[in-house]
Amino acid sequence: MDNFRTDGNEESVFSSSLELAVAWTDDFRLGSEIFIPFSNTGVSNDQYGLGDIEIQPIKYAFLNQPETILTGVFRVTLPTGNESRGLGGEQTVLGGNLFFDQAYRNWYLGINAEYGASVSGPTFSELELGLALTYSFIEETGEGVAPARPNQPLVVTLMLELTAESVLSGEDEGEDVINLLPGLQLWHPESNWQVRMGVGFPLSSDREYDIAVHLQVGNHFDWGEILK
């Protein structure tokens, strides 16, 4: 759930995504993922619908260590959303992502770069960069790596994210958007439910909103265990 304020006007929208992932190797180096969005973020927030589905047929971890991961992704975005309702762009987009994750005890640093370009529909290309820094209040870290499932009822995490998007070609060529997002995450390790809250502030003259309040609820299920 997001609440945006632009030029004195407020708008609340709901977006959700079903994310299905599979690992093809026992060491989790090679995998695939699909993202199926459903929201009311189009031209009318009283209408809900399917967005553009993203398929990541290849996700490969060049580095796959307990505290350091470097992952490359090839992705395809399909024009499954309705453009007239503002839920899609009627474009097929090919792209590549590079993710770097570094953990040290309770600290985490994430850096990612994404490039995408349309191969059908209106022509465009864009580059996105992101940086995230977090601190988690995990009690069992000690001198080593934080446990994947801490033995405590609640984990609180402070988060700071910086994102930058540049349109390289197309109708909005030259548009550069930079946003800062401080936030907080509450995680219940036993059930794996997470709640994230944050406030987004644009730092650039090109902006999509004046201020945005984000609320996200999610869970990562092990489908293998569920289907047994």
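**Aromatic pairs, burial and overall form**

A: In this predicted model, Phe14, Phe38 and Tyr48 form one aromatic cluster.

Q: How many aromatic pairs are there by the rule for ring centres?
A: The count comes to five aromatic pairs, where rings pair if their centres lie within 6.5 Å.

Q: What makes Phe38 and Tyr48 an aromatic pair, and is the pair stacked or edge-to-face?
A: The ring centres of Phe38 and Tyr48 are 6.2 Å apart and their planes make an angle of 15°; because centres within 6.5 Å count as a pair and planes under 30 degrees apart count as stacked, this is a stacked aromatic pair. The pair links distant parts of the chain, with Phe38 in strand E4 (residues 30-39) and Tyr48 in the loop between E4 and strand E5 (49-50), ten residues apart.

Q: Why is Phe38 called partly exposed?
A: Phe38 has a relative accessible area of 39%, and since buried means under 20% and exposed over 50%, this value falls in between and Phe38 is therefore partly exposed. Tyr48, at 43%, is partly exposed by that reasoning too.

Q: What describes the arrangement of Tyr60 and Phe62?
A: Tyr60 and Phe62 form an edge-to-face pair, with 5.3 Å from centre to centre and 80° between the planes, because planes over 60 degrees apart are given that label. Tyr60 is partly exposed with a relative accessible area of 34%, and Phe62 counts as partly exposed at 48%.

Q: How do you know whether Thr134 is buried or exposed?
A: The relative accessible area of Thr134 is 12%, and because the cut-off for buried is under 20%, Thr134 is buried. Thr134 is found in strand E10 (residues 125-136) and, leaving aside neighbours within four places in sequence, is in contact with Asn106, Trp107, Tyr108, Thr157, Leu158 and Met159.

Q: What makes the radius of gyration of the protein agree with that of a compact globule?
A: With 228 residues, a compact globule would have a radius of gyration near 17 Å, and the protein has 19 Å, which agrees. The C-alpha atoms fill a box of roughly 50 × 40 × 35 Å along the principal axes, and the protein has one helix and 14 strands.

Q: What share of the residues is buried, and what share of the contacts joins residues at least 24 apart?
A: Buried residues make up 29% of the 228 residues, while among contacts between residues at least 6 apart in sequence, 47% join residues at least 24 apart.

Technical notes. Residues are numbered from 1 along each chain as its sequence is written. This is a predicted model: local features need pLDDT of at least 70, side-chain atom pairs count only at pLDDT 80 or more; totals for chains, interfaces and linings use all residues. Side-chain values use heavy atoms; hydrogens and water are left out. Helices (H or I, at least four residues) and strands (E, at least two) are DSSP runs, numbered from the N terminus. Buried means under 20% relative accessible area, exposed over 50%, partly exposed in between (1.4 Å probe, protein chains only). Contact means heavy atoms within 4.5 Å. Rings of Phe, Tyr and Trp (its six-membered ring) pair if their centres lie within 6.5 Å; planes under 30 degrees apart count as stacked, over 60 as edge-to-face and the rest as tilted. The radius of gyration is taken over C-alpha atoms; the globule rule is 2.2 Å times the number of residues to the power 0.38.
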